[in-house]
Every structure is written in structure tokens, then in C-alpha cells.
Amino acid sequence: MIRRNVLWFITVVVAALVQTTWVEQIAVSRVVPDLTLLTVVYFAMAIGEERAMYTGVLGGVILDIASNETIGHFVLCYVIVGYTVARISARMMTEHPAAKAILVFCAAIAFGLLWVAVAYVQDPSVAALNNIVARVVPGAFYTALFTPVLFFAMDRLFKRRKEWKLSGGLIG
Amino acid sequence: MQLSRRIRENRPTIVLVVLVSLSLVSLASGTRGNIISNAVATAGSVIAYPFLRTFDAIGGGVNYAVGFVVAYDSSRKEATELREQVNKLVPRIADHDAIYQENQRLKGLLGFIESQPRLDLTAAKTVALSQDPIAAAKISSSAGVLVVNRGSIHGIEPAMCAMTKDGVAGIVIDVRPTLSYVATLHSDRCQIGAMIGRDKRVRATVHGSGSDFSHICRLEHIDTKDVVRVGDEVLTAGSGIFPAEYPIGTIVEVENSGSLFQVAYMEPYADPYSVDEIFLVKRAQPTLMEMSGQDPAANQPVVPEPEPLDMASRPKRNDDKAAFALPDTRSIQERYAP
């Protein structure tokens, strides 16, 4: 159980650190995939909303610190998206990769809208619409493209087991 | 009981509410991420400081140990190069010193020549006896004889005076076309007429010591009534081409045995063996006093020297009826002769 939680912790931290460092190398027109969002969605679908929210808290704090945003900006968005995705995925009847990619796309759009909304509330001078058109939508597509690869790797890493999901992810 | 069950059933929702609330509070407070990053960095620095010091110490020790091996070769190479440079510089410094000393010596010789306007001097260099092997056997048996590279073709004649800048060194005793033999004050063949500087009436003859190991000369033919003291300076008496009143040495001992003449011993000023060049006096020009037969000791002006002309203090033309009285420099015979 502890080993599994340590593995989860390391995975989320590595994803967040890669998100803040190396992922710039594969940027297309300043649009980058959101690896932390992918881990949030994965744990939401694989384990449940509680684990997804904790993933959002950990990854969000790291991103808030690395990008010098107000603490809670990324956290709030990831937590809400993780909870919502977990509730939706609990009602999904298919395990098709395309369905997962569509869910990731939708989650990325929701995350982007939330993020821009919070940023706009904090600073109304932010070009919200421009951000949505130029960054959020393309970023959602780019993130959805990574879904099959990352979900396959996460399945192999965590040897996705039914009992883990049944335990709720925390207690095991 | 029911509350705990309801909490357990709605735990995700409660967690969501708590996390969202905390996020909103944090957003409302406006806490930026760099505060946490700075705190983490500070904590990391504090924790890592001892380790960094340890790593630095270890690295310094390793570099120091490696330096023993790595720096050894470079130090050895540098030492070799420096040694080669020193080997090149030492002869140059020695040459420089020799040139400097020769320069000083030549300056001294030139200064001596310029300081003796009465003397017609010829510089002569001492040479080895082997350059004249025929005379070498004869001369070498006589101690205290120098051979110099000036001879009859240079105008050198026997009985000429040989001197250094310290004083009289000897007398020319034999002349060849290109060589001359000088009997120094070490030679028993050297005899020079001398007088005592304190009282020039006291005359004597300087005899060489006759030994290369003793430089003390003997003064003979001093009248018993004459007073000679230790410390008196001995000068040349001058005769013929030999110049007068040039220093020879100092009296170091007086011996009065009660006979007709007393004997004194003199330490010469000049050391002929310590110089490479000596001067041969070809001609000594007498002073005007000597030519006129007057006593040099009485070389005092009979009439006062005329005062320098002062145009400011000169009387006006109308009052200038008497000319300046010029001193009469005629001798008494010229002045009163019929």
C-alpha cells in the first residue's frame, strides 16, 4: 500500500516537473500538452475522484510554485476537473481509447476555461478570449493526442488492478 | 453514528469542498508561488550547506593530492628552463662586471692623464716575459722587473719615470724597439733620487727592496743632521727627464746608527703588480717658477691682485682724470737696471 502511494507520488511529481521543464521542447506554436491534467484524468478514471483530487492538489501546487502563480490557481482547477471527470467516468460504459481521448479533450477544455476564468477574476486585463482560442483549445487537442500513450504507460506502471480501484485508491 | 456514516459516504464531496475552499482562500489571500519556492530553496540551502562544505573540502583535498602529481612535471620543467636561463645569464653578468671594472679603470687612467698637464705621458701595458725570450732569462733573474709594450720606436728612453695614478712605480732600465724594461720599487736595480715632502731640503736615494715579497724600500744617503720622521711623505727629487715632486711613498721607519748617513724605510704608494697599465713619463715640463729660478715656496703675489672692473662703481668721465693703476710685474733687475 505504501509502495503504491510512493509510486503515485513520484509519478505525479515527475509529471509536474516534466510539465514545467522538458515539455517546452515539444511545444508547437507555444502550445504544450498538459501532462499533469493527463495524470489527474487517468487517476480519476482508474481509481476515483478522491485520488484524482489529491493528484490535482499535488501537481497543482508544484505548477503554482514553478510558474509563480497565486497558490491555488492550478489546484482549484485540477481538483474540480478531477472530481468531475471521476464522476463522469464512473458512468462510462466503454473502455475505448477514443472515448478516453475525448474525455481528456473535454477535461482539458474545462480546465482551460476554469484557469482563464480564475485568471480573469484575478486580473481583468488578461486577454481571456485570446487565451482560450490560442492556447486552451489547441492545448486540449495536443493533450488528447498524448492520451493513448500516457494511459498505456500508466497502466503498465501501476498494473491497473481491480482491487485498487475498489479500495478507492487511498487505503487499498 | 449516522453522521460518521454520512461523512464516509460523501467523503469525496467533502474532500472536494475542503480543497476548493482552501484553494479559494489561498487565491483570495494572493499568496504567490515564489514564497514557497524561496522557502524551499532556503530550507534546501540550510540542509545542503554541511554537505556542500564537506564536498568542497573533499574536492580541495583531492585537487591538492592530484596537484602533487600534476604540478610536479610542470614545476620540474619550469626549474629546467630557469636553470638554463641562469646558465646563460651568469656569463653575461660576469662580462658586464668585467666591462664595468675596465670602464672604471680606463676612466681613472684618463682622469690621471688629464690631471697631469705638465707631464707628457705614454700609457704602456705590461706584457709577459715570454714575448722576449732572449732577454727573459737575464731579466727574470732580477726580481721586480716589468716588461711593457712600449719601446724606442715609441720614444721611450732609459731612465724615464714609470708611474701609476697612485705614485711612482719605477724607472726604465732597458729599451728595445718595441719593449721596455721597468725596474719597479721591488727591484734592487731601482734607484731614484728623492726628497722629503715636509722639508724639501732633505734629500735621499730610494733603493728597491730587491724582493717580490717585500715592498718596503730603503732610503739611503740621508744626512745625519736632517730630521726624518715616520709618516713623512717621500717625493721625487727630479733630475733630467725625471719629474720632480711626485709622490713615491711614506716613511715607516727611521734608523739612525750614528754613522754619516741615516737610513729610513719607505712604503711605496704604487703597487706595480696590481695594475695592467703604467705610465711612462716622456717629458716633464717645468713650471714657470722653475724656469724663472724662483722658489716655489715663495710663490706669493708681491702686489695685490687688481680688483675686477665694476662699471657701476667706475667714476664718471668728467672726473676720470686718473687711469687705473696697473701692477708693475717687472722684476727688480729690469726695474732698476741702468
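1. A word before the details: this is a predicted model, so please read the points below with that in mind.

2. I would begin with chain B, where six strands form a closed barrel. Their order is E1-E2-E5-E4-E3-E12, and the pairing is antiparallel. From one strand to the next, the twist averages 45°.

3. Still in chain B, helix H3 (residues 33-114) packs on that sheet. The strands touched by H3 are E1 (119-127), E3 (161-163) and E12 (277-284). The direction of H3 makes about 10° with that of E12(B).

4. Which residue is the bridge partner of B:Leu146 in E5(B)? The partner there is B:Val182.

5. Turning to chain A, helix H1 (residues 2-20) packs against helix H7 (residues 147-158) at an angle of about 155°, and their axes lie 11 Å apart. Angles over 145 degrees count as roughly antiparallel, so H1(A) is roughly antiparallel to H7(A). The crossing of these two helices, H1(A) and H7(A), is right-handed.

6. Finally, the side chains and residues at that contact deserve a look. From H1(A) come A:Arg4, A:Leu7, A:Trp8 and A:Thr11, and they meet A:Met154, A:Leu157 and A:Phe158 of H7(A). By class, the residues of the contact of H1(A) with H7(A) are five nonpolar, one polar and one charged.

Definitions and conventions
Residues numbered from 1 in each chain as written. Chains lettered and ligands numbered in written order. Predicted model: local features only at pLDDT ≥ 70, side-chain atom pairs only at ≥ 80, totals over all residues. Heavy atoms only, no water. Pairing = 2+ DSSP bridges. Helix = DSSP H or I, 4+ residues; strand = E, 2+ residues; numbered from the N terminus. Axes fitted to C-alpha atoms, helices over the stretch in contact; angles between N-to-C directions. Contact = heavy atoms within 4.5 Å. Parallel < 35°, antiparallel > 145°, perpendicular 65-115°, else oblique. Left-handed = near helix turned anticlockwise from the far one by under 90°. Nonpolar A, V, L, I, M, F, W, Y, C, P; charged D, E, K, R; others polar.
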